[in-house]
Amino acid sequence: MTRLGTAWTAEHVRHVGEIFRQGRNPAARVYESIGPDFFLAPAPGWLNLGLWDGDGAGLADEAEAACRRLVETIASALPPGGVIVDVGNGLGVQDPLIAELVRPRRLVAVNITERQLVAGRPRLAEASAAPVAGDAARLPIAEGAADGVISVEAAFHFSSRKAFFEECHRVLRPGGVVTMSDISTERRPLGPAELLSGLTQLRVFGLRLTAAMTARQIAAAAAAAGLADVQVTWCGDRVIAPALRLASARLSSAPAAPAGHLAVARLLLAQVDLLWRRHIIDYILLRATRP
Ligand SMILES: C[S@@+](CC[C@H](N)C(=O)[O-])C[C@H]1O[C@@H](n2cnc3c(N)ncnc32)[C@H](O)[C@@H]1O
């Protein structure tokens with residue numbers, strides 16, 4: 001696993017190459033260059049933005065609690081004791097937490113990046129979770145085999161949310177639940193600053209234009225896949241806003257990272273800040289049931 005905090009690595013170079021010439025698996029390139037000591041991760045090993053209480057003023061001290069709270073909130077919809085599929089499990093830190101909360105009969109961690117599954121081995125072992133390299137749009141799970149699907153902050157990376165929801169419908173038993181978080185695009189960027197920010201973020205994070213969907217479009221895609229009781233909660237003020245404050249404070253404290261990384265991080269952060277302040281992006285929690 002790479003160390004973004006120390007120097008440029010082959011994975012970083014491949015990641016930059018992918019920005020200009022997107023290959024078949026851009027999300028994998030992105031996450032291969034992000035290791036457990038990524039200097040902008042809210043807390044070591046965590047790759048989600050956290051669900052914060054208050055305005056994030058406690059920042060670093062609260063970061064791990066915020067990341068755990070996000071997973072706990074999403075996982076609270078899962079049925080206990082069943083077969084649970086965690087799609088886009090990051091570096092595996094969330095899996096022991098899911099195991100502790102839900103006591104699944106079986107926990108399967110699916111990730112497009114095999115490297116993250118390897119890096120997460122100790123956490124996956126602790127959670128008794130089975131690591132599976134696979135794609136959310138073609139889940140390597142038998143029809144009707146799962147009681148719950150959880151996906152924390154990963155769906156905007158999937159090649160198609162429609163395909164992911166159809167897969168949830170296929171792999172869940174009747175009454176099974178999908179519970180997830182996602183980043184929505186609530187309106188199209190207008191003008192040069194917004195357009196440049198939006199397009200840069202898409203390229204840097206290896207996202208397709210189709211990743212930009214409003215929360216209502218995401219909910220409609222879930223319903224169109226046959227899922228019922230689709231519930232959406234908007235919570236960017238408790239996720240994006242405090243996470244931006246934390247990242248900005250961390251960048252001001254001159255972290256140990258190459259100057260090039262810091263300059264790029266500052267630019268990207270300013271763009272996300274603009275997209276958030278101008279109500280272009282938001283953060284949502286979504287729950288739905290397989291009828
Ligand atoms: C922002 S990270 C979130 C990681 C983790 N859920 C967390 O909250 O710390 C997105 C994750 O989704 C994974 N991912 C991206 N595209 C995927 C796909 N098509 N199928 C499965 N996993 C995918 C990435 O490798 C990464 O682990």
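Q: Which elements each supply at least two residues of the shell around the ligand?
A: α2 (26-32) and β2 (106-111) each do. A residue is near a molecule if its C-beta atom, placed from the backbone, lies within 6 Å of it. Here 23 residues surround the ligand. The closest are Leu47, Asn48, Gly88, Gly90 and Ala154.

Q: What kind of model is this, and how are residues numbered?
A: It is a predicted model: local features need pLDDT of at least 70, side-chain atom pairs count only at pLDDT 80 or more, and totals for chains, interfaces and linings use all residues. Residues are numbered from 1 along each chain as its sequence is written.

Q: How do the residues of the shell around the ligand divide by class?
A: Ala, Val, Leu, Ile, Met, Phe, Trp, Tyr, Cys and Pro count as nonpolar, Asp, Glu, Lys and Arg as charged, and the others, Gly among them, as polar. The shell around the ligand has 12 nonpolar, 9 polar and 2 charged residues.

Q: How many helices and strands does the protein chain have?
A: Helices (H or I, at least four residues) and strands (E, at least two) are DSSP runs, numbered from the N terminus. The protein chain has 11 helices and 7 strands.

Q: What share of the residues is buried?
A: Buried means 20 or more other C-beta atoms within 10 Å of the residue's own; exposed means 12 or fewer; partly exposed is in between; C-beta atoms are placed from the backbone. Of the 291 residues in the protein chain, 48% are buried.

Q: What share of the contacts joins residues 24 or more positions apart?
A: Two residues are in contact if their C-beta atoms, placed from the backbone, lie within 7 Å. Take the contacts in the protein chain with a separation of 6 or more: residues 24 or more positions apart account for 72% of them.

Q: Show me one residue. Where is Tyr283, and is it buried or exposed?
A: Tyr283 sits in strand β7 (residues 281-289). Tyr283 counts as buried because 25 other C-beta atoms lie within 10 Å. Leave out residues up to four places away in sequence, and Tyr283 touches Ser181, Ile183, Cys235, Gly236, Val239 and Ile240. Ile183 is 100 residues from Tyr283 in sequence, yet their C-alpha atoms are 4.6 Å apart.

Q: How do I read two packed helices, say α10 and α11?
A: Two packed helices are described by the angle between their axes and the distance between the axes. Axes are lines fitted to C-alpha atoms, for helices over the stretch in contact, and angles run from 0 to 180 degrees between N-to-C directions. The axes of helix α10 (residues 236-252) and α11 come within 11 Å and cross at roughly 155 degrees. So α10 is roughly antiparallel to α11. The cut-offs: under 35 degrees is roughly parallel, over 145 roughly antiparallel, 65 to 115 roughly perpendicular, and the rest oblique. The residues in contact include Ile240 and Leu244 of α10 and Leu269 and Trp276 of α11. By class, the α10 contact with α11 has 10 nonpolar, 2 polar and 2 charged residues.

Q: What is the crossing of α8 and α11 like?
A: Helix α8 (residues 191-204) packs on α11 at about 120 degrees, with the axes 9 Å apart. The pair is therefore oblique. The crossing is left-handed; that is, the near helix is turned anticlockwise from the far one by less than a right angle, while clockwise would be right-handed. Among the residues that meet are Thr200 in α8 and Leu268 in α11. By class, the contact of α8 with α11 has 6 nonpolar, 5 polar and 1 charged residues.

Q: Which way does α7 pass α9?
A: The crossing is right-handed. The axes of helix α7 (residues 161-171) and helix α9 (residues 215-224) come within 8 Å and cross at roughly 40 degrees. α7 and α9 are therefore oblique to each other. Arg161, Lys162 and Phe165 in α7 meet Ile218, Ala221 and Ala222 in α9.

Q: What is the phi of Ser128, and of His279?
A: Most residues other than glycine have a negative phi. Phi of Ser128 is positive, near 50 degrees. Phi of His279 is positive too, near 60 degrees. Ser128 is in the loop between α6 (121-126) and β3 (129-133). His279 is in the loop between α11 and β7. Ser128 is exposed, with 12 other C-beta atoms within 10 Å. His279 counts as exposed, with 10 C-beta neighbours inside 10 Å.
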